[in-house]
Each structure stands twice: as C-alpha cells, then as structure tokens.
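Please open the structure in your viewer and keep the selection tool at hand. The tour goes from stop to stop, saying at each what to select and what can be found there.

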Amino acid sequence: MSTLRGILLLTLLLAQPAFAQTPDPARVEAVVAASFASAPEAWKARVSQDRMQQICSLTRNQPDAAQAAEIASTAKASVVMPPDAALKGDWRSGEKIAQNGQGGQFSDGPNTISGGNCYACHQMALSEISYGTLGPSLSGYGKLRNFTTEAIRAAYTKVFNPHVTLACSSMPRFGLNKVLSGQQISDVVAYLFDPASPVNAEFK
Amino acid sequence: MSKLLRIFVLCLLFPAASLRAQPAPELDLDKELDRYRAMINDPMANPGYLAVDRGELLWSLSRGSKNVSLETCDLGAGSGVLDGVAAGLPRYFADTDQVMDLEQRLLHCMRGLQGLDTKDVVARRFGSPGKTSDMEDLVAFISNKSLGMKYQASLSHPKERDMALIGEAMFYRRSAINDFSCATCHGDDGRRIRLQSLPDLSKPGDTAREVIGTWPAYRVSQSQTRTMQHRLWDCFRQMRMPAPDYASEGLTALTMYLAKLGDGATMNVPSIKR
C-alpha cells in the first residue's frame, strides 16, 4: 500500500512540472492571433504556422525520429532543382545577395528586392569582417569540397530548403518561401563555388 | 536645477534628441556608447530624462471627458502610488482580471479614469523626430520612480504564471517567411548577427537581468526613449512578422517570460542603449 502510494506520489511529482511547463498550444495560438489582429490581410499568412514550424516550435528544434523524417521528406519533395548547367550563376551578383539584408520587413517599401542576408549568420569571404555567428563559417566552401557537382547540388538544396538534410535547421527556407528566386540561389551558390569568388580565392 | 534649464542644457548636448534623427556611423556609436553609459544616472546628461520630465507633466495633466489627471491611477500598489511599481510589472490586476504591463495599464486608466479617447495616444505610441509619445514619456517617468530598486517578477497569481509560460512558448515559436523564432537569435550564449552581439534570453541570469533592468532606454541610434513594447515590435520586424498590435496580450506574455528570467535585476532606467 505504502509503496503504491509512493509510486503514485512520484508519478504525480514527475508529471506535474511537465504539465505546468506546457501551456495548451491552442491557447498560445489564440494569444498570438489576437496580438496580430490588426495585421493587413496579405500579412496574416505569416502569423500562422506550417507543419515544420509547428513541430520545430513545440519540440524546440529537437524533433523525434518520426517527426524529423516527416519534415525531411516534405522538404525533399519541395525542392525545385535546376539542370546542372544552371546550378551555378554569377558570383558577383551572389555576393550582393549574400550582403543584402533587406526585404520582407513591414518597414520595407513594396518594391524592395529581398536579399539572402547570408552574412547575418555566416562568415564567407575572409575580407568581410562584418559577419554573424548563428551559422557555421562558409569560408573556402567550394575549395574545401573540391568544387564537385555533388557538393554544388547539396548547397543549392540547403539554400532552397535546409530541412532536407537537417530537420529543424534554423536557417530560412529561401527557395520554398520564395525569398530568393532560383536564379538568385544559383548566384549565391556561385559565390560559394566559383574559384574566382573571394569565398575561395581568399582562402588559403 | 530647474527643469527648463535641464532641458536647455540637454538640447545643447544632444541636438538630435530635440530636432531630428542623425544616423551616426556604427563604430562612432560604439565609442560614444561608453561615454553615454557613464551618464545614465546623471539627469543632466541622459537625454532619457527629457522624457521623464515630459512624463511627469502628463501624469498630472487633466484631460479626457472627465477632465481629471492620471494621479489616482492604480498601477498595482494602490491609487496613485508610483514608487517601485515598475519594478513589479507586468502583474495581475483583479479589477480587469488580466495580467497587464505598464502600457496596458496606463491605457486602461486613460480610458476608464480619464474618459480619454486613446486613438491619438496610440497613434503616437512611438515617438519620432518632432513628435513626442505620451506613452514613452509616461513610462520613462514612472519607471524612473523605481531607479535603483530590485526588480521582482510578479508570479504569485496563476494567471501570471500562465502568462509567463505562454510567453515562453512564443519565444520558441517559429513563423513567417524566414522561419525565425526569438530563440533563433536569442537562444544561445555569445552569438552575433553581423557584428551585433545578441543577448541570450533563453535562461535566467545576469544577461536577462541586464535586459529587464534597462528598459525603457534612450536609443542613441533613434534619438528616442523607447520601451519594451518598441523593442519587441522591432524584433518582430526583423522576424519578418507583421507589426504586433500595441499593448497586446502576446507582448505582455513575452515581457512576463523575460521578467521571470530577469528576476532580481537592478532597475537602471531610463538607460542608454545603442
């Protein structure tokens, strides 16, 4: 009897913190929706979540194996790959895209062209000292991978939808969300893979 | 020192504060910031005190259909009590059965107590060159009445704890076209976006305390005294989210979550920030 009570108590104690720490997701969504009630109609879609966002939010980017597999396979199906010949664009244009942090903000004008803002999170050309550290360094990226077509395809995929290879990656899905066009992605890929690009040329 | 003289001296020191925003080069700002830090507690040198002074006048100004001042507004410690209230907000208010931050509560008093149509006040919620904000001024004045005090997160009521948990869930909630959550930028120690250091707001401790104890702040880059409402609005902008509604429940929830992490902070307000 006392063991049973002990077990019961223990179960309660163990269960309670978990219960108290997790508010009802529906309640959270209601608070969020109410807090953006005056958003313009065209912006409302940004307030609600798709499946990846839901899972990665609730698991704090630690999906279980089944969730990770689901996210990765949905992501894989989303990628629109150009033919190999068009994978690599113009690295000079790619550099501008990597530098450009504009676009998509409510403070931007309607005709603002979105950049990739890669430097917000990644080190790239060594001469650019204003880089963030939310992602790994990409200096010498192509050179370190022997400029292989396989690596170029993987990089294109990563920028289009990073969840193909890492479910709940914190990198944006530039291609899926149409933040960057296919041509723009090819251009940043060239920035990473062209031997003449400072990303590789400056890297010894 | 007379208030007018103080304002005059400040205008000489910080022409941008009174006239127009002057975006200074980032690196100059960094150097200047150290100098500004030394001035935080000096009413003669911190331009945030201009807002404090304006807020003091607004607090005792009679207006609204009832033509009364805010002086009997209950901010949590009883009618008209100002000392220390900012060091315990947001908190639960029984009369509205709601957890409110300072701005929500002020709007509540303006509407109920003063009978003020707050449309104009809300339209001017964020000051800009040549346009002051009653809300920023009032928050600066009231928060300054907690200067040097210890911040104590108000978490004894179940609705307060609930609010902190909702805020925590929102902190990890990814959305919009970049899939960002607050945690994307504030989830780790020592991260940077470009050259900008990002405070880790995923755990309690000195970083969170430093944040919770320093709002409202005079933002040098904007030449305005800003409140937490504005800071969160600006972060939602970077997240490519729509602008959050002013004084909405979600902002209070996030603030309550941050308050929980920053419990025990020393109130150093209005501070000076980049």
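This is a predicted model: local features need pLDDT of at least 70, side-chain atom pairs count only at pLDDT 80 or more; totals for chains, interfaces and linings use all residues.

Of the 274 residues in chain B, 55% are buried. Among the contacts in chain B with a separation of 6 or more, 68% are between residues 24 or more positions apart.

On the chain A side, show Arg27(A), Val28(A), Val31(A) and Val32(A), which meet Asp162(B), Ile166(B), Ala169(B) and Met170(B) on the chain B side. The residues of this contact of α2(A) with α8(B) comprise six nonpolar and two charged ones, with no polar residue.

Now turn to the aromatic rings, of which a search of the whole structure finds seven pairs over all chains. Select Phe36(A) and Phe236(B), whose ring centres are 5.2 Å apart and whose planes stand at 85°, so that the pair is edge-to-face. This pair crosses between chains, since Phe36(A) belongs to the loop between α2 and α3 (51–58) of chain A, while Phe236(B) belongs to helix α11 (residues 228–238) of chain B. Are Phe36(A) and Phe236(B) buried or exposed? Both of these residues are buried.

A further edge-to-face pair is found by selecting Phe171(B) and Tyr172(B), with 5.2 Å from centre to centre and 75° between the planes. Phe171(B) and Tyr172(B) are both buried. Then select Phe106(A), Phe126(B), Trp233(B) and Tyr246(B) together, which ring pairs link into a cluster.

Two further selections show a charge over a ring. In chain A, the charged end of Arg46(A) sits over the ring of Trp43(A), at 4.1 Å from the centre of that ring. In chain B, select Arg91(B) and Phe93(B), where the arginine lies over the face of the phenylalanine at 5.5 Å from the ring centre.

Return to chain A and select Tyr156(A), which has its place in helix α7 (residues 149–160). Tyr156(A) has a relative accessible area of 2% and is therefore buried, the cut-off for buried being under 20%. Which residues surround it, once its neighbours within four places in sequence are left aside? Tyr156(A) is then in contact with Val80(A), Met81(A), Pro82(A), Leu87(A), Gly182(A), Ile185(A), Ser186(A) and Val189(A). For a distance across the chain, take the C-alpha atoms of Tyr156(A) and Leu126(A), which are 30 residues apart along the chain and are separated by 22 Å.

For the last stop, select helix α5 (residues 91–99) and helix α8 (residues 182–193) of chain A, whose axes come within 7 Å and cross at roughly 100°. With that angle, α5(A) and α8(A) are therefore roughly perpendicular to each other. From α5(A), Trp91(A), Ser93(A), Gly94(A), Glu95(A), Ile97(A) and Ala98(A) meet Gln184(A), Asp187(A), Val188(A), Ala190(A) and Tyr191(A) of α8(A). Coloured by type, the residues of the contact of α5(A) with α8(A) divide into six nonpolar, three polar and two charged.

Key:
Residues are numbered from 1 along each chain as its sequence is written. Chains are lettered from A and ligands numbered from 1 in the order in which they are written. Side-chain values use heavy atoms; hydrogens and water are left out. Contact means heavy atoms within 4.5 Å. Helices (H or I, at least four residues) and strands (E, at least two) are DSSP runs, numbered from the N terminus. Ala, Val, Leu, Ile, Met, Phe, Trp, Tyr, Cys and Pro count as nonpolar, Asp, Glu, Lys and Arg as charged, and the others, Gly among them, as polar. Rings of Phe, Tyr and Trp (its six-membered ring) pair if their centres lie within 6.5 Å; planes under 30 degrees apart count as stacked, over 60 as edge-to-face and the rest as tilted. Buried means under 20% relative accessible area, exposed over 50%, partly exposed in between (1.4 Å probe, protein chains only). A charge sits over a ring if NZ of Lys or CZ of Arg is within 6 Å of the ring centre and within 35 degrees of the ring normal. Axes are lines fitted to C-alpha atoms, for helices over the stretch in contact, and angles run from 0 to 180 degrees between N-to-C directions. Angles under 35 degrees count as roughly parallel, over 145 as roughly antiparallel, 65 to 115 as roughly perpendicular and the rest as oblique.
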